[in-house]
Amino acid sequence: MEHKRLGLIVNPIAGIGGRVGLKGSDGLGIQQRARTLGAVPLAGERAASALELLLPLSANIELLVPPNEMGETVARRCGYDPQVILTSGLLNKTLTPFPSPSGKGEGGEETTPEDTRRAAQAMREAGVDLILFAGGDGTARDIYTAIGNNFPVLGIPAGVKIHSAVYTITPRNAGELAAEFLQGKRVCLQEAEVLDLDEDAYRQGQIVTRLYGYLKIPYRREVVQNQKVPTPASAAVQAQAIATDVVEKMKPDIAYILGPGTTTRTVAERLGLPKTLVGVDIITHNELLAADVGERQILEMLERRPLGLIITPTGGQGFLFGRGNQQISPEVIRRVRDENILVICLASKIAALQGRPLLVDTGDPELDRLLAGYIQVVTGYHEKIFYRLMGGS
């Protein structure tokens, strides 16, 4: 293998709002609120999952990183001796993943989108062969703004709501695909969409997606996630049939965690209950017990009573867990009995997968493996299929 130069950029605050129900991480106010609610940053861990798979090639890889939590910390933790890039914006900056209420990090300063952009530009100028970046849609936007679409990059999924097609299905997939690309194996480069939601509208239950451009990524169909697709209006009747079936299946002595999505919203409507479109609620047959809950609230409810789970895959991406519903954490999933989990999905969305499996990326590899296999999916009134579910590797 020829000597290669690899860039790594970590957005330390990517995904911190997920498990506490904040539906994103953009903006200082949201980051501060996430910290208040007890959020823990996970982007570094997810970057580590990718880097560990590249360790066998480390003798032939020069790893370039921004300082501290933006790449250096996780690289050294994984056993690398990286070259630290100090751009003008990052000089003398002690970066931390969480800002304090004053706007400064504890012992340093908060990271910003401009830091990501400067780091990407510096890596391009340094002549790296590939840039790996851990984040969400906002991070992909920053990378695109900095270097355009003529430079190889690859996303390690770490955000709450990932619509962009520049990310692999799991962090380990990013490490595998990067290794293949750097070794010169037959991996094609393909343009992939950079999409992002308006997070303010998203928190109000409105889905407003914008295409910002394209990034060039190493591509292998089975490990790169699809662009999220909207639900067509013609699916409304099918969703109502599913809702009727689910309401019949709901047990009267159990409350249910109701995941985000238009299909699950139809279940709430069938019961005459309100639904947080892009949030997680807890309901019974006749009552909304809690709206827009985070992981901690769900766990507290589980201490008091048994809960079931009604969940639907995310759009055309096919993620059952790990995209947009991180409130339903590994601990929550483990504590809900299998027989009380109802998976629902429009038949048209199953067809759009073209045979690809449904996916889970909970952040807990052991749980992902336990969940893998064939699951029952309700696709209509008294209609069901058994469909393959693939865990993260």
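Me: Where do I start? How many helices and strands does the protein have?

Reply: Start with the count. The secondary structure comes to 13 helices and 19 strands. The model is predicted, so keep that in mind throughout.

Me: What share of the residues is buried?

Reply: Buried residues make up 58% of the 393 residues. As for the surface, the protein exposes about 16,200 Å². Carbon and sulfur atoms supply 48% of that area.

Me: What do the contacts say about separation in sequence?

Reply: Take the contacts between residues at least 6 apart in sequence. Of these, 68% join residues at least 24 apart.

Me: Now helices. How is a pair of packed helices described?

Reply: By two values: the angle between the axes and the distance between the axes. Helix α4 covers residues 113-126, and helix α5 covers residues 137-147. Their axes come within 8 Å and cross at roughly 45°.

Me: Why are α4 and α5 called oblique?

Reply: Look at the cut-offs. Under 35 degrees would count as roughly parallel, and 65 to 115 as roughly perpendicular. The α4 and α5 axes cross at roughly 45°, and the two helices are therefore oblique to each other. Their crossing is right-handed.

Me: Which residues make the contact between α4 and α5?

Reply: From α4, they are Pro-113, Thr-116, Arg-117, Ala-120, Gln-121 and Arg-124. From α5, they are Thr-139, Asp-142, Ile-143, Thr-145, Ala-146 and Ile-147. By class, the residues of this contact divide into five nonpolar, four polar and three charged.

Me: Pick one of them. Is Asp-142 buried or exposed?

Reply: Asp-142 is buried, with a relative accessible area of 12%. The cut-off for buried is under 20%. Asp-142 lies in helix α5. Leaving out residues up to four places away in sequence, Asp-142 touches Pro-113, Thr-116 and Arg-117.

Me: Let me try another pair. At what angle do α8 and α9 pack?

Reply: At about 60°, with their axes 8 Å apart. That makes α8 oblique to α9. The crossing is right-handed.

Me: Which residues of α8 and α9 make the contact?

Reply: α8 brings Ala-239, Gln-240, Ile-242, Ala-243, Thr-244, Val-246 and Val-247. α9 brings Thr-263, Thr-266, Val-267 and Arg-270. The classes are six nonpolar, four polar and one charged.

Me: Which residues of α9 are buried?

Reply: In α9, residues 262-270, Thr-263, Thr-264, Thr-266, Val-267 and Ala-268 are buried. These buried residues pack against α8. They also pack against the strands β11 (255-258), β14 (307-311) and β16 (341-344).

Me: What follows α9?

Reply: Gly-272, whose phi is positive, near 75°.

Me: Where are Asp-292 and His-382 placed?

Reply: Both are in loops. Asp-292 is between β13 (288-290) and α10 (295-304). His-382 is between β18 and β19 (383-390). At 29% relative accessibility, Asp-292 counts as partly exposed. His-382 counts as exposed, at 56%.

Me: β18 came up there. Which residue of β18 can I look at?

Reply: Look at Thr-379, in strand β18, residues 373-380. Thr-379 is buried, with a relative accessible area of 8%. What does Thr-379 touch? Not counting residues up to four places away in sequence, Thr-379 touches Gln-238, Ile-242, Cys-345, Ala-347, Lys-384 and Ile-385. One of these, Ile-242, is also part of the α8 contact with α9.

How values were computed: Residues numbered from 1 in each chain as written. Predicted model: local features only at pLDDT ≥ 70, side-chain atom pairs only at ≥ 80, totals over all residues. Heavy atoms only, no water. Helix = DSSP H or I, 4+ residues; strand = E, 2+ residues; numbered from the N terminus. Buried < 20%, exposed > 50% of the residue type's maximum accessible area, 1.4 Å probe, protein only. Contact = heavy atoms within 4.5 Å. Areas by Shrake-Rupley, 256 points an atom, 1.4 Å probe, with all protein chains shown as cover. Axes fitted to C-alpha atoms, helices over the stretch in contact; angles between N-to-C directions. Parallel < 35°, antiparallel > 145°, perpendicular 65-115°, else oblique. Left-handed = near helix turned anticlockwise from the far one by under 90°. Nonpolar A, V, L, I, M, F, W, Y, C, P; charged D, E, K, R; others polar.
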